[in-house]
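Hello,

I am handing over the structure we talked about. Please have a look at it, and then read my notes below.

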2 protein chains.
Amino acid sequence: MNYPFARRMNQIPRSFVREILKVTEHPDIISFAGGLPNPHSFPVDAIKDATSKVLTEEGENVLQYSTTEGYGPLRELIAGRYGLHGLDVDADEILITNGSQQCLDLVGKVFLDQHDGVVMEKPTYLAAIQAFGLYEPQFYSVPLMEDGVDTMALENLLSAKKIKLFYSVTSFQNPTGITYSADKRKEVAEILTEHDTILVEDNPYGEIRFIGEDISPIKSHLPDSILFGTFSKIVSPGMRMGWIVAPSKIMENLITAKQASDLHSNYFTQRVVYQYLQDNDVDTHIQKIRELYKSQRDQMVQSIKDYLPGEVEYTKPEGGMFLWVTLPEGMSSLELFEYAIKEKVAFVPGDAFYTDHPHHNTMRLNFSNSSKEEIVEGMQRLGNAIEKMQTDN
Amino acid sequence: MNYPFARRMNQIPRSFVREILKVTEHPDIISFAGGLPNPHSFPVDAIKDATSKVLTEEGENVLQYSTTEGYGPLRELIAGRYGLHGLDVDADEILITNGSQQCLDLVGKVFLDQHDGVVMEKPTYLAAIQAFGLYEPQFYSVPLMEDGVDTMALENLLSAKKIKLFYSVTSFQNPTGITYSADKRKEVAEILTEHDTILVEDNPYGEIRFIGEDISPIKSHLPDSILFGTFSKIVSPGMRMGWIVAPSKIMENLITAKQASDLHSNYFTQRVVYQYLQDNDVDTHIQKIRELYKSQRDQMVQSIKDYLPGEVEYTKPEGGMFLWVTLPEGMSSLELFEYAIKEKVAFVPGDAFYTDHPHHNTMRLNFSNSSKEEIVEGMQRLGNAIEKMQTDN
């Protein structure tokens, strides 16, 4: 039978990273390709205690259907944590989702008709291209600079085109590790207000800052905007617990979309995560993750200096899980990937992170999921791969 | 700010049932309105043991990101259970989802462009109207008879219109409790094959048969079709664990859509449910649910005879959680709802379950979530409500 798939499915290539990750699954390969948190950062015993407590004390209640919005006390706890970071959020403005990936899908569903204009950072988070892509928008992109998006280019684009959404990962961006400066955040808020474009601010890594001072989300200057959060990087990604913060008029539609999509997020897990957060000092836990990731990031920066050619440029992120490498002009990271796999090291070629005109000489390195020893060994292998490719060309 | 929502959001009213459920949340009200399994049927202690075991033995592994398809051994276990029921399914044809509600969303995403034809049963599952509705299809409906859909009307409709999908709840349907006979299943398979329409067979209640013999899904006659399943009615609905069975060509697109929607289903819970199923005899557990629900259904049938007017018609389902009542012609169940709330009893007026030309004199009663005593008392109240309305009119 020839299946009559929807038009939207023709536009979406099967995830590039997904295919790449398959190649890199071989145990001999040191992989900087994935986006996995370090499993040593998962609070296994505390989760076990929380689960046991919730099932003992609440029993069948935590296994029943629940509300679409999510568990009230969990939403209040999240709102309270924003308060500590200087952002005034009400629990009613929070919807619990299956990780921040579902936030992308719900926002796409609620806002995007075919051909609607969406501005992405250049480069941008690959899975956001996929999620929004299924709603068939017209993507535009604006380059990232060291301190955030190129605001002049953004201003020009918004003046020239009708743009519904601007999607931005404002802290320790995936893939580049870049963080918007405080000034740039204000500037972006002003530009978006002027052009009635809605900010979709994704902040999965915000709590994993290991250098410098915390900077409030752009949403603190732009109450009408949408903000995503997640427990994936501070508790557990496998539990798929994220949330959307949005003003009430948007929230109403997000709830309708969430209900139609899967009724509500896993209630059992919501209760477990809430219990975990009640009974443990998550900030102490986060501090440990920060120290761990800083040491891995420091090692990767050092190993780039030690083993990659001097012409290679790279970001030095103040948090998060990724670092962005720019090879000398004219070098292709896709070609390098083939050499790298032979040397048993992997990364994600930059091409996957662009909605248009990719910079072929870029690549993403993940440092959170490898030990320092693996980072040293892996970067040595990457250096060898580059050398062999240069010899061949 | 005026938010520029997508066109699809204009078409979807906020869930009627959702609004109704709010009214019925008052503890004084006996509610036959919801669609909740009986919480006494949740295996709380066994889930606690399974969780503890999984976290102790597998630790951080079960908290990490995982594959989009779902946990392999769980998919194999599900495939194996189909084998016992005479349906040949490969684990690779199974995708783990957030309950069967997400199956609806993913199928909508993969197949439906605006104005595509979708045939629904009349009446049909409300949340399927909502989920598909967001993809803006053209709905058609075909009446249900006692032994399943009116096949002559289905044949005529498929001959006249181009129809992509036929959505059917083939056993103990929500809302009517109707089950397709074995003959009707074959007949539907033949009609759909002839017209190249894809069957979307939803089977959340199939295992909760308390009278009569098990009948294989239509999919056993129609390998190209899509079948949904869920652990919501046999383990826990709050855990949001369902699955789609589909042939590999469809599965490929479903996986792409699932990945874009939320990467993968809660891996922690997948492992817990799998462990529960490994360590317990779920069929013994299901047998208990069947006995429980049969006694509740029997009580409701008896109470209809005892307390409702003789002209009232009703289905006598052989399984599931719902029973469908048809009031005398000209009576409005929406009007009755107002009287019922005053008498402190609730149900869902039938109007919500139609995509066109609702039968205003119909209503859905849930029997799984009330004790026998509540059923007696609630039906007495419903009888009183009908009497008062008849007196007023």
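Domain bounds here come from an automatic or database domain assignment. For chain A, that assignment gives domain 1 (7-42 + 284-392) and domain 2 (64-279), and their C-alpha centres lie 25 Å apart. Their contact (heavy atoms within 4.5 Å) takes 35 residues from domain 1 of chain A and 34 residues from domain 2 of chain A.

A word on the source: this is a predicted model, where local features need pLDDT of at least 70 and side-chain atom pairs count only at pLDDT 80 or more, while totals for chains, interfaces and linings use all residues. Residues are numbered from 1 along each chain as its sequence is written, chains are lettered from A and ligands numbered from 1 in the order in which they are written, and side-chain values use heavy atoms, with hydrogens and water left out.

Back to the two domains of chain A: together they bury about 3,200 Å² (accessible area lost on being put together, 1.4 Å probe, summed over both), with 64% of it on carbon and sulfur atoms. A:Glu318, A:Phe353 and A:Thr355 supply 20% of the area that domain 1 buries against domain 2, more than any other three residues.

How many salt bridges cross this interface? The rule (a side-chain nitrogen of Lys or Arg within 4 Å of a carboxyl oxygen of Asp or Glu) finds three. A:Glu318 also forms a salt bridge with A:Arg209, their closest N and O atoms being 2.7 Å apart.

Best wishes
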